[in-house]
Amino acid sequence: MSLLQVKAVTHSYNSHTFLKWKEPSKKVLTDISLSIDEGTCLGLLGTSGAGKSTLGKVILGLERPQQGQVLFQGHDIYTADKLTRQKIRRDLQVVFQDSYSAVNPRMTAESIVGEPLENYEKLTVTEQKRTVIELLERVGLSEKDLKKYPHQFSGGQLQRINIARAISLKPLLIVLDESVSSLDMVNQTLILELLSELKKDFGLSYLFITHDIKAAYSISDTLGVLEKGELIEHYNSKDQFFSSEHPVVEQMRSSILAEHPRYRSLPMRINKS
Amino acid sequence: MRTERSNVLTVSDLHVQVQTKDGASTLVQDINFELEKGKVLGLVGESGSGKTVTSMSILQLLDRKTTTIKGSITLQGRELNGLDDKEIRGIRGKDIGFIMQNPMNSFTPVFTIGNQFVETIRSHTALNKKQAKELAIEAMQNVNLPNPAKVLKSYPFQLSGGMLQRVMIAMAACIQPSVIIADEPTTALDVHNQLQVLRHLDKIRSEYGTSILLISHDLGVISEMADDVVVMQHGRIVETANVYELFDNPQHEYTKKLLNARLSIKHEEPITHML
Ligand SMILES: Nc1ncnc2c1ncn2[C@@H]1O[C@H](COP(=O)(O)OP(=O)(O)OP(=O)(O)O)[C@@H](O)[C@H]1O
Ligand SMILES: Nc1ncnc2c1ncn2[C@@H]1O[C@H](COP(=O)(O)OP(=O)(O)OP(=O)(O)O)[C@@H](O)[C@H]1O
Ligand SMILES: [Mg+2]
Ligand SMILES: [Mg+2]
């Protein structure tokens with residue numbers, strides 16, 4: 001049985017009738033079905049605005065879809081009893097696309113990362129602090145950062161604090177929404193290696209939402225492509241992405257930038273040197 | 001330095017300190033660079049190395065109560081460091097367009113995009129409301145945003161991360177500033193939209209001679225756009241070089257490490273342009 005199953009999910013946001021424009025609400029997700037097995041990573045690619053973050057929220061239980069089901073270990077997350085939902089909340093973690101909104105500005109890094117531990121693991125004060133320091137170190141931060149507040153961190157540092165928090169309870173599934181998108185390549189590699197390690201050692205699974213095809217390729221086992229709310233491609237093997245003849249995928253492939261100025265593609269930027 | 005080149009923006013001996021509970025701590029130091037007319041200066045570096053602090057210093061957007069900015073920042077010969085709020089507000093958005101790293105925080109949640117976009121245009125131009133709205137719509141089309149009229153009526157939370165990022169780029173670019181500071185402008189964009197946005201920025205550069213300070217961790221974006229590149233680590237510049245020189249012959253250890261960390265796609269069919 002798959003760890004997570006999304007079955008025929010269709011969703012649109014409520015149109016805001018208090019506004020003057022009352023358009024029929026457009027479907028943001030149409031008939032999405034997918035699954036994630038234990039210890040695997042599904043990479044989700046797709047054009048900006050395609051519905052990736054919305055699908056992430058639906059899977060996390062934050063946006064109840066108008067149609068369809070989300071099953072976590074076989075339980076419908078929207079109808080499960082309270083106890084099951086409590087357990088799911090622990091086993092299903094998230095790193096949101098917008099790392100500043102995801103944290104409480106009045107909490108220090110120590111309490112942000114320590115909060116899930118505080119809620120679920122009954123550790124002594126010293127044990128908890130030690131665990132938080134270990135987590136910070138794993139994402140390339142340090143004990144020095146414990147007492148800092150969100151506004152005292154850079155964009156990439158805050159992203160890593162959110163990652164440290166999400167892995168703190170060794171959940172079963174983490175939804176990572178553009179979670180390495182502001183990291184320099186050295187730190188990005190560090191995080192991708194950490195995630196792969198946790199996947200291998202503890203069987204963690206991920207929904208890895210990203211626009212970065214190389215990052216998706218490096219960590220994912222399976223890949224999906226969302227376009228205008230529809231899952232247009234779903235590969236069991238990530239290599240299929242490179243043989244797909246779907247025009248959207250072809251366009252994506254041809255837009256990947258070479259990482260050397262000699263292979264530039266913008267016509268006005270190509271020069272002789 | 002006296003040269004034939006026309007420097008639009010010059011940063012000299014920039015040094016930024018912040019007051020914390022445990023005393024003063026230095027965020028960036030000895031920062032020196034020049035931005036020439038119609039050129040793109042790439043700024044890369046470790047997460048936390050001071051890229052955003054540097055750009056916020058230029059814009060004088062750091063919290064004045066807790067931070068001290070020393071050194072000189074000149075825009076077409078005019079000193080920006082220490083300008084009072086009113087003077088700098090006349091420059092921000094008009095002479096220096098900026099795209100912030102965090103799109104969500106750059107908008108007020110309670111006003112529509114249209115309200116904020118039109119107000120920004122009107123505060124820097126003599127356009128009336130209708131003209132400003134037309135300009136906003138055109139600017140959004142330029143960055144490949146579908147249905148701009150609808151985007152104008154939306155609230156920030158109703159847009160996806162990449163849509164907001166494109167709105168911000170449209171806002172920064174539409175009044176033809178002499179400098180654009182773009183802090184990780186494509187982090188939420190898929191590769192196709194990223195290319196459209198870069199193409200548009202490059203068009204503005206070549207048509208209006210706009211200079212661009214481009215902060216990006218994405219070495220593809222830097223390769224594509226930059227003329228010269230500044231590399232930062234631990235609050236300092238560790239290397240400055242022409243982009244070809246930097247990629248072919250990196251000098252500093254950190255630059256080498258950064259270039260070696262480029263991910264590759266190992267796939268049977270060689271994707272020839274991918275290194
Ligand atoms: N208000 C502040 N108080 C204390 N430290 C701060 C403050 N603002 C930034 N810093 C620190 O200054 C350093 C530089 O931050 P900056 O945001 O410039 O990094 P960056 O290079 O933009 O990184 P990223 O690529 O992750 O966005 C970081 O170590 C950060 O923790
Ligand atoms: N709270 C909301 N209310 C109304 N519409 C919304 C809301 N959130 C998102 N949308 C709309 O739903 C669509 C999908 O948005 P979503 O954030 O899921 O896209 P995405 O694939 O994550 O894009 P990106 O890559 O830019 O982050 C967009 O058209 C967006 O405007
Ligand atoms: Mg999104
Ligand atoms: Mg930054």
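Start by selecting helix H1 (52-60) of chain A and helix H6 (161-173) of chain B: each supplies at least two residues of the shell around ligand 2. Helices here are DSSP runs of H or I with at least four residues, numbered from the N terminus. Before going further, note that this is a predicted model, in which local features need pLDDT of at least 70 and side-chain atom pairs count only at pLDDT 80 or more, while totals for chains, interfaces and linings use all residues. Residues are numbered from 1 along each chain as its sequence is written, chains are lettered from A and ligands numbered from 1 in the order in which they are written, and side-chain values use heavy atoms, with hydrogens and water left out.

Now select ligand 2 itself, which lies between chains A and B. It has 19 residues around it (a heavy atom within 4 Å), and those that come nearest are Lys52(A), Thr54(A), Gln158(B), Ser160(B) and Gly162(B). Show some polar contacts next (pairs of N or O atoms within 3.5 Å; within protein, one must be able to donate a hydrogen and the other to accept it, and residues adjacent in sequence count only if both atoms are side-chain atoms). From chain A, an N or O atom in the side chain of Lys52(A) is 2.7 Å from an oxygen atom of ligand 2, and a polar backbone atom of Gly49(A) is 2.8 Å from a ligand 2 oxygen. Over on chain B, a polar backbone atom of Gly162(B) is 2.7 Å from an oxygen atom of ligand 2. On its own, ligand 2 has 640 Å² of accessible area (Shrake-Rupley, 1.4 Å probe), and the protein covers 87% of that. Color the shell by residue class and you get seven nonpolar, 11 polar and one charged.

Jump to ligand 1. Which chains surround this one? Residues from both A and B do, so the site is shared between chains. Of the 19 residues around ligand 1, the closest are Gln152(A), Ser154(A), Gly156(A), Gly48(B) and Thr52(B). Zoom in on chain B: a polar side-chain atom of Ser47(B) sits 2.8 Å from an oxygen atom of ligand 1, and a side-chain N or O atom of Lys51(B) is 2.8 Å from a ligand 1 oxygen. Val53(B) uses a backbone N or O atom, 2.8 Å from an oxygen atom of ligand 1. The elements giving two or more residues to this shell are H6 of chain A and helix H1 (51-58) of chain B. By class, the shell around ligand 1 has four nonpolar, 12 polar and three charged residues.

Last stop: the chain-chain interface. Select everything in contact (heavy atoms within 4.5 Å) and you'll pick up 57 residues of chain A and 65 of chain B. Look for Arg262(A) and Asp248(B), whose side chains meet in a salt bridge at 2.7 Å, N to O; the term needs a side-chain nitrogen of Lys or Arg within 4 Å of a carboxyl oxygen of Asp or Glu. The count between the two chains is one salt bridge, alongside 18 residue pairs in polar contact, both residues at pLDDT 80 or more.

Methods. Nonpolar A, V, L, I, M, F, W, Y, C, P; charged D, E, K, R; others polar.
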